Amino acid sequence: MLETKTIIEEKQGEALDRKSKPIAGNGKKVYIESYGCQMNFSDSEIVASILETEGYSTTRLMQEADIVFLNTCSIREKAEQTVRKRIKSFRKEKVRKPHMIIGVLGCMAERMKSKLLEEEKLVDVVVGPDAYRDLPSLLEEVDGGRKAVNVILSKEETYGDLNPVRLGGNGVTAFVSITRGCDNMCTFCVVPFTRGRERSREPESILNEVRQLSKDGYREITLLGQNVDSYLWYGGGPRKDFDKLSKEEKERSVNFAQLMDLVAPIDRKIRIRFSTSHPKDMTDDVLKVMAKHENICKYIHLPFQSGNSRILEMMNRGYTREWYINRIEAIKTIIPDCSISADVITGFCSETEEEHKDTLSLMEYVKYHFAYMFKYSERPNTLAQRKYEDDIPEETKARRLSEIIDLQQKHSLERLQKDVGKTYEVLVEGVSKKSENELYGRTTHNSVVVFPKENYKAGDYVMVKINSCTSATLIGEAI
Ligand code: 5AD
Ligand code: SF4
């Protein structure tokens with residue numbers, strides 16, 4: 001079920017009109033811990049913004065918090081297990097601090113609400129990704145000694161009018177969300193159920209957020225969406241295909257290529273990145289806009305999931321191996337020096353050894369700069385869980401995954417080795433974790449570069465000559 005709203009007390013016949021009684025947070029301290037994708041981290045900044053407006057403040061220390069929130073991820077079983085462990089450690093802290101409120105936000109909210117609240121009584125409040133505006137009144141209920149939950153999914157909510165509070169950032173890079181939800185229904189994926197229908201954010205609010213980031217001295221923004229290529233503003237509401245728009249809607253519509261064309265000129269010193277691209281929707285127009293603007297980074301994260309067309313069909317990805325290769329060729333033609341990364345799933349239902357080899361051969365063909373590689377993890381209520389058997393033995397999944405990882409490491413190293421001897425403009429993000437005397441930053445290709453600090457600092461653009469590399473990092477010196 002996609003849309004539910006439960007106020008536990010309502011079940012006991014005690015309905016409350018929560019909207020009519022806003023209350024200030026009185027400086028109460030909120031600690032938010034985020035898991036999963038960049039979208040979740042970005043959402044935590046929206047949560048902070050909503051709560052700060054109500055008089056709450058944020059803290060980076062769980063120990064001094066009056067309210068702790070876990071912004072959760074459901075994408076794979078392991079992500080959920082990590083969150084459950086973390087809730088248990090919050091419970092221990094609550095023994096010392098009984099007034100502390102524990103809340104679960106994000107993708108686990110809908111799935112786990114009754115378990116977390118009623119059965120195991122682990123948390124006080126559960127709030128889904130589209131209900132954050134309701135947080136102040138939900139917290140008020142909890143203050144009144146009740147448990148509270150709102151996991152309604154919306155077809156319109158984009159939080160477009162809010163000004164996110166940049167949490168725990170480096171003051172250099174920031175996320176700007178441009179769409180919410182996903183309509184793609186990949187059969188393995190829980191996101192359409194946890195985050196609901198896809199909707200695009202009004203372009204002017206995106207441009208205003210970027211203008212503000214520019215004023216605040218930010219140097220890089222990442223436009224975020226589950227499928228940025230399907231961004232289409234036509235006036236608000238759930239996603240529609242361009243062909244289905246009315247004449248007026250078509251006239252005022254803005255697609256992803258047009259949006260980037262508007263964002264890039266705002267501040268040429270700001271680098272633009274975006275994630276995630278979808279092979280079925282990535283147009284040549286998007287690639288041409290990337291080529292046109294120097295400050296749009298030459299890097300595309302283009303998940304392929306499998307190199308075999310039968311498996312792609314079963315995954316409902318909406319493209320074949322040939323189509324994917326066609327998109328790779330388009331990238332190479334339009335942006336010859338573009339780096340490409342991917343997501344891949346191994347051991348999907350019924351995947352044969354031959355089909356696994358197709359994944360390896362696609363990797364050989366593209367030679368990705370980087371890849372996120374996963375074993376298939378069956379998720380409750382997804383289409384794959386309902387239609388297919390999760391029949392690949394765990395050892396086979398693990399062996400196929402390690403073959404994929406080995407191949408990718410080889411390709412990552414080869415790619416980075418090609419950069420040795422070259423000079424790149426690096427945007428400095430901060431001090432290297434390994435040494436205080438070194439800085440780290442990224443190239444346009446999203447490769448991490450480490451180099452001696454000298455007098456440079458976070459936010460600087462520095463020309464760095466690459467002298468050597470590992471399979472994950474370029475090592476150089478400023479010139
Ligand atoms: N099992 C394994 N990996 C998954 N992903 C999404 N759902 C699953 C699942 N059920 C991976 C996909 C996606 C990335 C964000 O997570 O590769 O692109
Ligand atoms: Fe999940 Fe597919 Fe949507 Fe990505 S595009 S969030 S994998 S359903």
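## A tour of loops, cores and a ligand site

Q305 lies in the loop between β14 (299-301) and α11 (309-314). Let us start our walk there, keeping in mind that this is a predicted model.

Most residues other than glycine have a negative phi, and most peptide bonds are trans. Is Q305 buried or exposed? Its relative accessibility is 7%, and buried means under 20%, so Q305 counts as buried.

K367 also has a positive phi without being a glycine, here about 55°. You can find K367 in the loop between α13 (353-366) and β16 (370-375). With a relative accessible area of 29%, K367 is partly exposed.

Another backbone feature to look for is a cis peptide bond, which joins S275 and T276 with an omega of about 10°. T276 sits in the loop between β13 (271-275) and α10 (284-292).

Now for the inside of the protein. How many residues does the largest nonpolar core have? There are 54, and those with the most contacts inside this core are L223, F256 and Y324. Where does the core lie? Domain 2 (170-297) and domain 3 (299-418) both give residues to the core, so it lies between them. To see one of its members in detail, pick Y324: leaving out residues up to four places away in sequence, Y324 touches P279, L302, P303, F304, Y319, A342, L362, V366 and Y368. There is also a second, separate core of 24 residues, and V47, L51, V127 and V142 are among them.

The residues around ligand 1 are I75, R76, F188, Q305, D343, I345, F374, K375, Y376, S377 and R379.

| Residue | Protein atom | Ligand 1 atom | Distance |
|---|---|---|---|
| F188 | polar backbone atom | nitrogen | 3.0 Å |
| D343 | side-chain N or O atom | oxygen | 2.6 Å |
| S377 | backbone N or O atom | nitrogen | 2.7 Å |

How much of ligand 1 does the protein bury? Taken alone, ligand 1 exposes 400 Å², and the protein buries 87% of that. The elements that give two or more residues to the shell around ligand 1 are β15 (339-346) and β16.

Terms used
Residues numbered from 1 in each chain as written. Chains lettered and ligands numbered in written order. Predicted model: local features only at pLDDT ≥ 70, side-chain atom pairs only at ≥ 80, totals over all residues. Heavy atoms only, no water. Core = buried A, V, L, I, M, F, W, Y, C linked by side-chain atoms within 4.5 Å. Buried < 20%, exposed > 50% of the residue type's maximum accessible area, 1.4 Å probe, protein only. Domains from an automatic or database assignment. Contact = heavy atoms within 4.5 Å. Helix = DSSP H or I, 4+ residues; strand = E, 2+ residues; numbered from the N terminus. Near = heavy atom within 4 Å. Polar contact = N/O pair within 3.5 Å; in protein donor to acceptor, adjacent residues only side chain to side chain. Areas by Shrake-Rupley, 256 points an atom, 1.4 Å probe, with all protein chains shown as cover.
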